[in-house]
Amino acid sequence: AKEELMVKSLAYRIKQTGRLEKIGDSLIKTVPKDDIKTPPKPLLGIICFPVDKYVAQLYNLNVNKGVVVAIVKENSSAEEIGLQPGDLLVSIKNSKISNMNRFQAISSSLKIGEQIPIVIKRTDQTMAFNAKIGEIPLKIPIIMIDAQEVNASTNGKLILVTQGLLNFAKSDDEIAAVLSHELAHAVRGHVAKAQGGQILTLIAALSLGIVAESNAPGSGNSVIRGVGDIGNIFNASYSRDLEREADYFGTKFFYYAGYNVETFATLEERFAIEIPATMIQHYLSTHPSSPERLARVRKIIEELKTSNPKETKQKE
């Protein structure tokens, strides 16, 4: 029973990771170029896992080591050439991929626009492809944390999301609303501006698993467990003004990504009703209250609709 549940848990983690990556990519594409201080990053478009007995069972592999493709990003080079989840990597750029360290090293050497050979094994068939490396305007990996509290945070280089938040969210739109707020913190440089440097405790709390995940998604654990003191990660705080700014720009990213903008307001209502801590004194020391945020978000939505008369798009 344990073996069966471990495989099902792995499948769940992969599904949720793909879900977060898809939402995150849709939001990143809406960030204005003026807000991006770094050059575009190369993108092949695969998230891989090291092969162990559970990965081997999930993908019906007849090997017990190596690197397997778990997620293929939409509209990526990997999708264009036909890579699929379950493909076992044999080589990239004529370099054998025997473990995640090698995969990470090769991934870090990729350049936008270069043509690279990729060899994979699918079932019992060896297949060769030639991929042109694409690009992504901003690289901010989204990492799941194995914790049941409802929370998300960022250190400016990656976004952390708890499983509790995923369980709380009723739709991709609600997850996108939270991610867009954290994305706004990241791109607006709030980590450096955080008063008293409290937010820097995020960086100190990151484990090697998370660091590896940010360099090459899949090289760490897609669900990070035991990351020092989880409380230290999510207790780091911004000033109220920075939280208000993140609400403003986060709502804009969310709106222009095509999500139902009203969800941004209704999610604030849910937080206030279902998580009363958003209206207690400790929370108010660093965040505007839920009622204030709800009123503010409603005004931002009205501003966006007025400046863009087109009917709000719905994310299918």
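The following legends describe close-up views of a predicted model.

**Figure 1. Overview of the predicted chain.** The chain has 316 residues, of which 52% are buried. Its secondary structure consists of 14 helices and 12 strands. Of the contacts between residues at least 6 apart in sequence, 66% join residues at least 24 apart.

Figure 2. The average pLDDT of the chain is 79, and 77% of the residues score at least 70. Over residues 195–233 pLDDT stays under 50. For residues 195–233 the model has 86 contacts beyond four places in sequence. Where pLDDT is low, predicted coordinates should not be read in detail.

**Figure 3. Strand β9 and its pairing with strand β11.** Strand β9 spans residues 142–145 and is covered on both faces. Ile 142 and Met 144 are buried on one side of β9, and Ile 143 and Ile 145 are buried on the other. Strand β11, residues 159–162, runs parallel to β9 and is joined to β9 by 4 bridges. Ile 145 has Thr 162 of β11 as its bridge partner.

Figure 4. Phe 249 belongs to helix α11, which covers residues 240–256. Phe 249 counts as buried because its relative accessibility is 17%, under the cut-off of 20%. Beyond its neighbours within four places in sequence, Phe 249 is in contact with Ala 184 and Arg 188. The charged end of Arg 188 sits over the ring of Phe 249, 3.9 Å from the ring centre. From C-alpha to C-alpha, Phe 249 and Ile 300 are 9.3 Å apart in space, with a sequence separation of 51 residues.

Figure 5. The structure holds 3 aromatic pairs. Tyr 248 and Phe 249 form an edge-to-face pair, with 5.2 Å between the centres and 90° between the planes. Tyr 248 counts as partly exposed because its relative accessibility is 24%. Tyr 255 and Tyr 256 also form an edge-to-face pair, at 5.1 Å centre to centre and 75° between the planes. Tyr 255 counts as buried, at 4% relative accessibility, whereas Tyr 256 is partly exposed, with a relative accessible area of 39%.

**Figure 6. Arg 270 over the ring of Phe 168.** The view centres on the side chains of Arg 270 and Phe 168. The charged end of Arg 270 sits over the ring of Phe 168, at 4.0 Å from the ring centre.

**Figure 7. Asp 25 in helix α1.** Helix α1 covers residues 2–28 and contains Asp 25. Asp 25 counts as buried because its relative accessibility is 16%, which is under 20%. Apart from neighbours within four places in sequence, Asp 25 is in contact with Lys 73 and Ile 136.

Technical notes: Residues are numbered from 1 along each chain as its sequence is written. This is a predicted model: local features need pLDDT of at least 70, side-chain atom pairs count only at pLDDT 80 or more; totals for chains, interfaces and linings use all residues. Side-chain values use heavy atoms; hydrogens and water are left out. Buried means under 20% relative accessible area, exposed over 50%, partly exposed in between (1.4 Å probe, protein chains only). Helices (H or I, at least four residues) and strands (E, at least two) are DSSP runs, numbered from the N terminus. Two strands pair if DSSP finds at least two bridges between them. Contact means heavy atoms within 4.5 Å. pLDDT is the predictor's confidence in each residue, from 0 to 100. Rings of Phe, Tyr and Trp (its six-membered ring) pair if their centres lie within 6.5 Å; planes under 30 degrees apart count as stacked, over 60 as edge-to-face and the rest as tilted. A charge sits over a ring if NZ of Lys or CZ of Arg is within 6 Å of the ring centre and within 35 degrees of the ring normal.
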